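Let's take a look around one protein model together. Have the sequence and the 3D view ready.

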Amino acid sequence: MRTLLITGPGGGGRTTIAAATALGAAGAGVKTLVLSADRADTLGAALGVRTGAGPTRVAPCLTAWRPDAAAGFRDDLAGFQDRASTVLDLLGASRLDPEEVTPLPGAEELTLLRALRDAALAEAHDLLVVDLPPTPQALALLALPEELRRYLRRLLPPERQAARALRPVLGRLAGVPMPAEWLYETTARWDMELAAVEAVLADRQTSVRLVAEPGPAGDDAVRDARLGLALRGLPVESLVANRVLPEEAADGGPLSGLVAQQRKFLGEWGDAHTVAHLGRDPRGDDDLAALAAPGVNPAASPIEWPVTDRLADDGVLVWDIPLPGAIRDDLDLIRRGDELVVTAGPFRRIVPLPSALRRCTVDGAALRDGRLRVRFAPDAALWPRTR
């Protein structure tokens, strides 16, 4: 199954392009599901059909789904209260009723990740189109599964669960209560659910479509998005230049300056697919078809972070990390044990080192042509010796 994540700066028309992309794929006979986490039904407005908590059939091969964040949050809280009932009773805490619970900020995004996981595991569709939030929130959302799993492993390492039978004894010896069984079980369940989402995002059939209006703000957003996505290892399938004005608007009219600006950035973007401005907000099948959104690019290549063996020539291993648009002054690297902390502009990722590099020390790094090359020299105390 292909998964196409669609994002762009706020107001760039990403939801409309997501709807047009899904409708176009369905028209070609591809079984398609389009997902959105928007609390307002902007997806349904574009499709001309109300969407909601349950999957809605839009066309013979198209289903739309806008999962209910409030219901999911209430279910999660009810389950947590059930599992933690003993602790809550000891603390004298009163349980919250479902009717008084409202979703916290970020609940829509978490619900979207869960729906993404469920849709991928169901394997009922050939294409999954995901209408993500605007780019800054989308990048934070895409980083969430990996970061949460790392926090869980640090706070409650899986190897500690092997000593379940010893916990009462250890608790008496230490003089402090040990974590309850339900805490480890909950942690393991969360880790499994996050791992499933992470697997979908890391799949070679997952890519990102960027949607922006050609202009200074759109150009800045696209440049930042390419860098942030590359750091997460997510390939850009295509760039869609949305709401492009016709050439006729440049004939001395009030929009001539805007047309010239759009043409300038379209020339710089080069490989962007242009989608014309209809002169109105697209609504329904006819308008979405008139946009002529590009089909899903089957040749989107996954981003690789290869390790090159240059031991024979230079005595080092080189880790090649693509970071398009990165600036040397905004780049920072820190080695922490078996992890490398990479900061590129406003983005940061903590990456586990490949096994061969864990037995090495960092020997230097260089950024050239949008690629970061980190050199690792074998640690004589850890590197296997040859006769």
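Below we visit a helix pair, a cavity, a pocket and one threonine.

First, some ground rules: this is a predicted model, where local features need pLDDT of at least 70, side-chain atom pairs count only at pLDDT 80 or more, and totals for chains, interfaces and linings use all residues. Residues are numbered from 1 along each chain as its sequence is written, and side-chain values use heavy atoms, with hydrogens and water left out.

Helices (H or I, at least four residues) and strands (E, at least two) are DSSP runs, numbered from the N terminus. Two packed helices are described by the angle between their axes and the distance between the axes. Here, the axes of helix H5 (residues 107-122) and helix H6 (residues 135-155) come within 11 Å and cross at roughly 65°. Those axes are lines fitted to C-alpha atoms over the stretch in contact, with angles running from 0 to 180 degrees between N-to-C directions. The residues that touch (contact means heavy atoms within 4.5 Å) are Glu109, Leu110, Leu112 and Leu113 on H5, plus Leu141, Leu144 and Pro145 on H6. By class, that's 6 nonpolar, no polar and 1 charged. Nonpolar covers Ala, Val, Leu, Ile, Met, Phe, Trp, Tyr, Cys and Pro; charged covers Asp, Glu, Lys and Arg; the others, Gly among them, are polar.

On a 1 Å grid over the protein atoms alone, a cavity is a set of points where a 1.4 Å probe fits but cannot get out, and a pocket is an open set with protein on both sides within 12 Å along at least five of seven lines; lining residues have an atom within 4 Å of a point. A volume is the space filled by probe spheres set on the points, which are joined across faces, edges and corners.

| Space | Volume | Lining classes |
|---|---|---|
| Second largest pocket | about 470 Å³ | 12 nonpolar, 2 polar, 7 charged |
| Largest cavity | about 30 Å³ | 7 nonpolar, 2 polar, no charged |

The second largest pocket has 21 lining residues, with Ala202, Arg232, Gly233, Leu234 and Arg349 nearest its centre. H6 turns up again here: H6, helix H8 (181-202) and strand E13 (347-352) each give this lining at least two residues. For the largest cavity, strand E6 (206-212) and helix H9 (216-231) each supply at least two.

Last stop: threonine 343, which sits in strand E12 (residues 339-344). Leucine 333 is 10 residues from threonine 343 in sequence and 6.4 Å from it in space, C-alpha to C-alpha. Leaving aside residues up to four places away in sequence, threonine 343 touches Asp330, Leu331, Asp332 and Arg348.
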